[in-house]
Amino acid sequence: MGSASAKPTPTRHPSAQIVNVHEQHYLVDAGEGVQQQMIRQRINPLKIRAVFISHLHGDHVYGLFPLLSTLGLYGRRTPLAVYAPAPFGEMLACHLRYFDSGLPYTVEWHETDTTQHALLYENRTLEVWSVPLRHRIPTAGFLFREKEPPLNVDKFKIVEYGLSVAQITAAKQGRDITLAGGETIPNGELTYRPYVPRSYAYLSDTNYSAKAAGLCAGADLMYHEATYAAAERKIARERGHSTSEEAARAALLAGAGRLVIGHFSSRYKDETILVEEARRSFPATEAAAEGRRFEIPERKAPRRGTADREREKLSEETDVRDRDRPETGPAEPKADE
Ligand SMILES: [Zn+2]
């Protein structure tokens with residue numbers, strides 16, 4: 001909902017995103033104007049489950065306080081959790097005292113320790129982790145990770161082995177099943193995971209940080225700020241920001257599937273140069289834009305069962321071969337280690 005850095009422009013708003021996980025909505029940063037942006041994008045603010053604020057620079061938080069008031073007007077009753085670094089509590093207390101003393105719901109502030117990679121929030125399907133960043137004030141990004149979905153039992157196997165309800169329940173819990181005739185069916189042959197868990201990393205605002213990138217290893221989608229073009233590397237470093245090249249480097253290091261860059265400085269009337277620079281080393285780069293949605297398609301988990309057993313058999317054979325092989329001493333270290 002916002003792709004601009006500090007100064008808004010006629011077309012860009014300050015940082016704000018909605019992360020939608022199985023129709024659960026999470027607000028990530030809340031720059032000025034986030035309410036109107038939600039209305040434009042047809043996002044019901046009452047559906048927001050929790051708010052995650054990376055740091056307390058105005059362009060990431062000025063939009064939150066009016067939103068809190070409006071949620072009161074809409075009649076929200078469910079408590080709203082806000083994850084933010086200190087001293088957010090002081091700002092919130094001030095706002096509540098002068099503007100929202102009669103709010104019909106409670107705002108629960110959870111302090112994020114921006115020096116730790118810690119689990120902040122979880123429910124049945126999702127975990128949200130903090131990712132320490134390198135900015136001018138305490139800042140943490142967020143890693144959204146889907147949990148591994150529960151096991152499903154293959155319909156054809158239920159029929160093939162005539163499984164009872166109790167056996168199906170046991171299989172869902174990961175247990176092997178012993179049939180009436182005494183044969184044991186390994187769990188892997190009966191069950192499968194419906195999809196591979198997905199992950200989304202939100203890294204803003206920050207200098208290039210190999211550590212942060214490493215914590216987001218394997219993210220399907222990474223948002224990384226790219227406030228400046230490569231030519232402005234010096235300014236970027238001084239102000240605690242990244243260039244588009246550095247954003248690409250972070251995505252490469254993390255082995256991310258795709259990269260979205262944003263938090264563009266108002267000096268760039270259009271972001272083409274930033275995208276082109278990032279694409280030179282990370283081709284799967286897109287620019288964030290107001291109203292633009294990025295989806296991580298669901299991927300089917302590889303079937304376990306027979307294929308798994310074949311693979312296990314193969315690795316057992318390999319183990320035997322390895323055992324027979326004569327000792328050759330420690331392997332040569334690789335040049336890049
Ligand atoms: Zn900032």
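Trainee: What follows helix 10, and what is its phi like?
Mentor: Helix 10 is followed by Gly255, and the phi of Gly255 is positive, near 65°; bear in mind that this is a predicted model.

Trainee: Okay, and which residues of helix 10 are buried?
Mentor: The buried residues are Ser244, Glu245, Glu246, Ala247, Ala248, Ala250, Ala251 and Ala254. Because eight of the eleven residues of helix 10 are buried, the helix is largely enclosed by the rest of the structure.

Trainee: What covers them?
Mentor: The cover over the buried residues of helix 10 includes strands 13 (199–203), 14 (221–225), 15 (258–262) and 16 (285–287), along with helix 8 (210–215) and helix 11 (272–281).

Trainee: Let's take helix 11, then. How does helix 10 cross it?
Mentor: The crossing is right-handed, with the two axes coming within 8 Å and crossing at roughly 35°. On the helix 10 side, Ser244, Glu245, Ala247, Ala248, Arg249 and Leu252 take part, and they meet Leu274, Glu277, Ala278 and Ser281 of helix 11. Sorted by class, this contact has five nonpolar, two polar and three charged residues.

Trainee: Switching topic, which residues touch the most other members of the largest nonpolar core?
Mentor: That core has 63 residues, and the ones touching the most other members are Val51, Val131, Ala201, Met222 and Leu259. Helix 10 (residues 244–254) gives the most to this core, with five residues.

Trainee: And what does Leu259 touch, leaving out residues up to four places away in sequence?
Mentor: With those left out, Leu259 touches Ala247, Ala248 and Ala251, as well as Met222, His224, Ala278, Phe282, Ala284 and Thr285.

Terms used: Residues numbered from 1 in each chain as written. Predicted model: local features only at pLDDT ≥ 70, side-chain atom pairs only at ≥ 80, totals over all residues. Core = buried A, V, L, I, M, F, W, Y, C linked by C-beta atoms within 7 Å. Buried ≥ 20, exposed ≤ 12 C-beta atoms within 10 Å, placed from the backbone. Helix = DSSP H or I, 4+ residues; strand = E, 2+ residues; numbered from the N terminus. Contact = placed C-beta atoms within 7 Å. Axes fitted to C-alpha atoms, helices over the stretch in contact; angles between N-to-C directions. Left-handed = near helix turned anticlockwise from the far one by under 90°. Nonpolar A, V, L, I, M, F, W, Y, C, P; charged D, E, K, R; others polar.
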